[in-house]
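Let's take a walk through a protein model together. Have the picture open as you read, and look for each part as it comes up.

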Amino acid sequence: MSLANFLQQLDRLEAEAASTLGEVADSEALETARVRFMGAKKGLLKDIQKLLGSVEVADKPAAGKRLNEVKGAIQTAFDEAKQRLDSGTTERQGPQPDPTLPGTPLRLGHLHPVTQTIEHLKEIMGRMGFTTAEGPEVEDPWHNFVALNIPEDHPARDPLDNFYLATAGATSGLEGSRLMRSQTSTVQIRVMETTPPPVRIISLGRVYRPDAPDATHFPMFHQMEGLYVATDVTMANLKTVLRIFANNYLGGDVEIRFRPSFFPFTEPSVEVDFLWNDNWIEFGGAGMVDPAVLASVGYDPESVSGFAFGLGVERLCMRRHGITDIRDLFSGDLRFLKQF
Ligand code: FA5
């Protein structure tokens, strides 16, 4: 073999080894490269070394010298690659990332305005000694109606006014069926069934009604139920608690009014309104717990009395934040939600 040919093969090997070893990204690739270039039996260096025997005797010193140089260069490239991997820097050739460039900002979310309202309401009522109770959203007619003094033939039980769920094995009319609760008053019953008086609770959660959506109605909305049963609870206590609540949540100057009304489970009953843009808007119903309800959960109506209320959470949230359409709250539009 001619000296020129031999040296050309060495140059090619040196270049290939430098680029391969300069780019290995893990120890597995490093080992593959080691075997390929420096392997004792089948390595490429070994192959070239074998060709040295066919170089002219006169050219051997020059060929041997260059062979040793290339061996050394490959060993150095291998050592550098190993050191780079050991120290954890996998710096590659070519353009390097600039660590001083500003990063991509994280987009921080926040709680939905209705959830924020719920937390705020819990905090205000908590300061008046009301603890939080919970109940299921899928209810039976006993808790949604019967125990609340709403008999089977009452219009509030109409299938057109409720989301009934199909129930296998339902026997007598709607009695065996289940429904999405239409009010949080169900939780009054669940709490009184399991707790002897006195009770002082609120319950916040979703309720469902087939109401056509408009600016103040949505088929799914939230209510805050309140219940206080003890000895000698009067209508004056109810009005005081609701006034303190409204002043705290809506501001000291909010005007509220109590309007005589009817609910099967309270007697007497009122509707509670606040003034908004020269209009009275209803934000809840309330009243003294009907003695029949106290009896249905095993309380003695002769020795305890109580008040209850149920307020629309969205309407409170809207009034506080100046939101004019309840549908905006559930549109999922981040441009709207980001404002709160
Ligand atoms: C009730 O649901 C009674 N359970 C309240 C109650 C509790 C009375 C305890 C007495 C004692 P009403 O149907 O009026 O009452 O609803 C209460 C509030 O829920 C309303 O004042 C209103 O603020 C809100 N609300 C009712 N329907 C909707 C709706 N479709 N979308 C948004 N909010 C609603």
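Start with the ligand: one of its oxygen atoms has a backbone N or O atom of glycine 284 at 3.1 Å. Keep in mind that this is a predicted model.

| Residue | Part of the residue | Ligand atom | Distance |
|---|---|---|---|
| Glycine 284 | backbone N or O | oxygen | 3.1 Å |
| Phenylalanine 218 | backbone N or O | nitrogen | 3.0 Å |
| Glutamine 183 | side-chain N or O | nitrogen | 2.7 Å |

How much of the ligand does the protein bury? On its own the ligand exposes 680 Å², and 94% of that is buried by the protein. There are 26 residues around the ligand, and the ones that come nearest are Gln183, Ser185, Arg209, Asp211 and Glu282.

Glu282 turns up again if you look at aspartate 273. Leaving aside neighbours within four places in sequence, aspartate 273 is in contact with Glu282, and also with Glu255, Ile256, Arg257, Arg259, Trp280, Ile281 and Phe283. You'll find aspartate 273 in strand β8, which runs over residues 266–276. Is aspartate 273 buried or exposed? Its relative accessible area is 1%, so it counts as buried, the cut-off being under 20%. Its side chain has two arginine partners to look for: a 2.8 Å polar contact joins it to the side chain of arginine 257, and another of 2.8 Å joins it to the side chain of arginine 259.

Now for the greasy parts. In soluble globular proteins, nonpolar side chains tend to be buried together. Here the largest nonpolar core has 44 residues, and Met125, Met224, Phe245, Phe274, Phe309 and Leu316 touch the most other members. Helix α8 (residues 235–250) gives this core its largest share, seven residues.

Phenylalanine 309 deserves a click. Beyond its neighbours within four places in sequence, its contacts include Met125, Met224, Leu238, Val241 and Leu242.

Last stop: helix α4, residues 60–86. How far apart are its end C-alpha atoms? They are 39 Å apart, which agrees with the 39 Å that its 27 residues should span at 1.5 Å a residue. Among the buried residues of α4 are Leu67, Val70, Ile74 and Phe78, and the buried residues of this helix pack against α1 (3–23), α2 (27–38) and α3 (44–51). After α4 comes glycine 88, with a positive phi near 85 degrees.

Notes: Residues are numbered from 1 along each chain as its sequence is written. This is a predicted model: local features need pLDDT of at least 70, side-chain atom pairs count only at pLDDT 80 or more; totals for chains, interfaces and linings use all residues. Side-chain values use heavy atoms; hydrogens and water are left out. Helices (H or I, at least four residues) and strands (E, at least two) are DSSP runs, numbered from the N terminus. The expected span of a helix is 1.5 Å times one less than its number of residues. Buried means under 20% relative accessible area, exposed over 50%, partly exposed in between (1.4 Å probe, protein chains only). Contact means heavy atoms within 4.5 Å. A nonpolar core is a set of buried Ala, Val, Leu, Ile, Met, Phe, Trp, Tyr and Cys residues joined through side-chain atoms within 4.5 Å. A residue is near a molecule or strand if one of its heavy atoms lies within 4 Å of it. A polar contact is a pair of N or O atoms within 3.5 Å; within protein, one must be able to donate a hydrogen and the other to accept it, and residues adjacent in sequence count only if both atoms are side-chain atoms. Accessible areas come from the Shrake-Rupley method with a 1.4 Å probe; for residues, only the protein chains shown count as cover.
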